[in-house]
Amino acid sequence: MKNLLSLLFLSFIFSQTQAQDIPADSGVFLLHKFEQHIGKETYKIYNYKDSKKYVVDFKFVDRGSPVPLKATLRVNPVAEPIELFVKGNTSRFSVINDSIRIKGNVADMKVSDATYKKMISGFTFPVTGYSPATVQQVLLQYWNNKKQPASITTLPFGALQIKNTGVDNLIFNGKPITFKRYTISGLIWGNELVWTDNAGKLICILTIDAEGDKTEMMREQYESLLPELIKRAAGYGMAAFTKAAPAPKAANQTIAITGGTIVDVVNGTTTPNGVLLLQNGLIAKIGKAGTPIPKGAHVITATGKTIMPGLWDMHAHFEQTEWGPAYLAAGVTTVRDCGNELGFIDAIQQAIDSGKCIGPKILMAGIIDGKGPMALGIIQADTKEEAIKAVDTYKARGFAQIKIYSSAKPAIVKAICDEAHKQGLTVTGHIPNGMTLKSGVDSGMNMVNHVQYVYSIMKKNKDRSVNFDDSVSVAAIKFIKDHNTVIDPTVGVYELAYRNVKDDITRLEPAFNTLPLPLQTQFKTYGEDSATVAKIAPMLGSMKMIVKKLYDAGVPIVAGTDMGFPGFSVARELELYVEAGLTPAQALKTGTITPAEVMGLGKQTGSIATGKNADIIIVDGDPLTNISNVRNVKVVIKAGKVYDPGTLHRMVGFSK
């Protein structure tokens with residue numbers, strides 16, 4: 001009898017352990033950035049009498065920086081949420097520490113250091129952004145169980161919408177397979193594309209991480225299907241976007257802009273009360289008041305406003321179709337995409353050029369990295385043969401430039417540059433690990449992204465500021481000038497990455513509160529603590545001053561953002577150049593005619609001149625007296641087509 005009781009007791013203990021400590025199910029999602037496998041997310045499901053618990057371990061390594069996150073989600077048997085805990089990183093530059101408990105119609109929440117209590121009603125689910133994928137899998141189950149409501153309130157903030165957009169038939173292991181396809185909007189900026197199997201198990205999410213980079217989460221066993229899903233996603237995104245887009249004024253109609261002050265960015269002069277005639281996407285005539293207006297022309301009255309060329313962003317990463325309207329709405333009519341998924345950006349560029357998608361003119365720089373733990377993307381070259389093949393691939397696809405990335409080997413940098421120049425392409429990029437700006441330029445690089453590489457070859461003081469009077473610093477600037485090297489400083493991205501997270505972010509971006517809520521949430525945690533910011537301040541100050549020193553020496557400076565606040569960060573970059581000591585007229589050149597010239601397009605675009613492309617913006621105020629007036633965009637004309645900035649912004653979730 002004693003042995004029987006012991007066996008029964010052990011059986012009871014084992015059953016309890018099995019129920020609580022042995023997962024009922026598990027799964028793995030492989031995490032990718034720019035298609036490159038960089039980590040994984042594992043989840044385990046534990047079943048209890050009245051609930052189900054998901055335990056998630058999420059981690060990827062992005063260019064050498066670990067991005068770990070752990071989460072626990074508990075729901076009842078019909079996927080109604082009880083609690084969610086998320087702690088860790090969502091990108092290299094952002095952290096999360098959220099806890100949400102739901103009891104009845106009350107949610108108790110802690111977001112970072114702040115606590116909230118919120119009354120809830122209707123359809124509500126806790127989800128804290130794109131990661132982890134497991135939470136989104138349960139979110140979809142909840143949505144289906146609730147008979148697919150039109151909108152779901154999300155905790156701690158916001159709301160999202162899920163739409164069933166069809167099915168995809170694919171071939172997997174030689175056999176046909178079908179996945180259901182959904183879009184989720186409101187979780188990130190824009191739409192996520194999501195696929196599940198017929199049983200509701202999540203298969204793939206194509207999304208944007210908290211750094212704004214393209215990120216893919218794919219159930220492990222189906223990873224071979226990822227390239228095909230990415231290819232299809234570009235088409236789906238553009239089709240949905242085009243359907244919702246308003247029709248602009250036609251480019252073949254004559255447009256007359258009257259009454260405004262026309263800015264000549266080449267000479268830094270203005271023509272008050274001017275008349276600008278546009279025809280067939282080109283600037284047909286520049287005149288003074290009284291210039292005859294052709295009969296039937298569409299007249300835009302710009303009295304009291306400034307007419308200037310559209311802005312350029314020379315360091316874009318066009319990660320999703322929503323960037324197109326956001327750029328145009330901010331007055332940016334041309335961008336250089338400095339690294340992307342080849343198939344995606346190629347499709348986007350063709351769609352914009354053919355009029356099927358709204359966005360700026362895109363000049364593509366194809367990224368090539370070397371193999372290694374800090375590599376980015378899937379186009380990598382460690383041999384001369386691989387370098388030649390990569391360059392030739394980009395040339396055949398119509399890319400304007402090659403971008404070298406940080407893990408490229410020194411010998412391969414020269415091979416890339418040699419082949420690029422042979423093919424008529426220029427080369428920009430990072431200075432790879434183990435090289436200096438001087439060795440990169442000596443190997444054939446024509447341009448350099450990021451001011452940090454200039455800073456690194458200059459003489460530093462003990463506080464990490466630059467000693468500009470030292471012979472080493474003087475020689476560095478002379479070397480860059482003598483080699484006619486183009487510098488794309490991206491000062492704004494450093495300001496954003498090293499801002500004090502306790503400071504008011506509207507100091508950096510006055511229009512911050514008009515951004516879609518997911519972007520506001522993303523950027524609020526972007527930055528560092530006060531102590532780190534204080535240590536970095538002398539270095540950041542010197543980076544701004546480097547721009548002034550380079551410009552005064554005659555080095556071509558081009559304004560680029562490396563993303564930042566979509567569209568708006570171009571204006572911030574120009575503001576920083578003025579803070580460094582450039583005049584507003586000089587800053588405007590870095591965002592208009594100089595980019596056009598260094599990309600070999602100075603005769604076609606970049607300034608207001610007869611015969612050039614009709615890429616024009618009309619702004620309130622005078623940017624030549626206050627550079628911040630470039631933010632006051634009232635009309636955008638790209639290739640002769642007229643757009644309303646407010647309409648474009650509202651299309652992609654801005655409240656402006």
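Helix H5 covers residues 342–353, and because each of its 12 residues is taken at 1.5 Å, the helix should span 16 Å, which agrees with the 17 Å between its end C-alpha atoms. The expected span is 1.5 Å times one less than the number of residues, while helices (H or I, at least four residues) and strands (E, at least two) are DSSP runs numbered from the N terminus. This is a predicted model, in which local features need pLDDT of at least 70 and side-chain atom pairs count only at pLDDT 80 or more, whereas totals for chains, interfaces and linings use all residues. Residues are numbered from 1 along each chain as its sequence is written, and side-chain values use heavy atoms, with hydrogens and water left out.

- The buried residues of H5 include Leu 342, Phe 344, Ile 345 and Asp 346, where buried means under 20% relative accessible area, exposed means over 50%, and partly exposed lies in between (1.4 Å probe, protein chains only).
- After H5 comes Gly 355, which has a positive phi near 85 degrees.
- Helix H2 (residues 133–145) has 13 residues and reaches 19 Å from its first C-alpha to its last, which is close to the 18 Å expected at 1.5 Å a residue.
- H2 is largely enclosed by the rest of the structure, because 10 of its 13 residues are buried, among them Val 135, Leu 139, Tyr 142 and Trp 143.
- Just after H2, Lys 147 takes a positive phi of about 65 degrees.

**Packing of H6 and H7**

- Helix H6 (residues 384–396) packs against helix H7 (residues 410–422) at an angle of about 40 degrees, with their axes 9 Å apart; axes are lines fitted to C-alpha atoms, for helices over the stretch in contact, and angles run from 0 to 180 degrees between N-to-C directions.
- In this contact (heavy atoms within 4.5 Å), Lys 384, Ala 387, Ile 388, Val 391 and Asp 392 of H6 meet Ile 412, Ala 415, Ile 416, Glu 419 and Ala 420 of H7.

**Cysteines**

- If a disulfide is a pair of cysteine sulfur atoms within 2.5 Å, how many disulfides does the count come to? The count comes to 0 disulfides.
- Cys 338 is in no disulfide, and its nearest cysteine sulfur, that of Cys 417, is 15 Å away; Cys 338 counts as buried because its relative accessibility is 0%.
- The sulfur of Cys 357 is too far for a bond, because the closest cysteine sulfur, in Cys 338, is 20 Å from it, and Cys 357 also counts as buried, at 7% relative accessibility.

**Backbone features in loops**

- Most residues other than glycine have a negative phi, and most peptide bonds are trans.
- Ser 131 and Pro 132 are joined by a cis peptide bond with omega of about -5 degrees, and Pro 132 is placed in the loop between strand S9 (124–126) and H2.
- A cis peptide bond also joins Leu 155 and Pro 156, with omega of about 10 degrees, and Pro 156 is found in the loop between strand S10 (152–155) and strand S11 (159–172).
- Met 563, although not a glycine, has a positive phi of about 85 degrees; it is placed in the loop between helix H13 (530–552) and helix H14 (568–580), and it counts as buried at 5% relative accessibility.
- Ala 639, in the loop between strand S29 (633–638) and strand S30 (641–643), has a positive phi near 55 degrees and is partly exposed, with a relative accessible area of 35%.

Notes
A disulfide is a pair of cysteine sulfur atoms within 2.5 Å.
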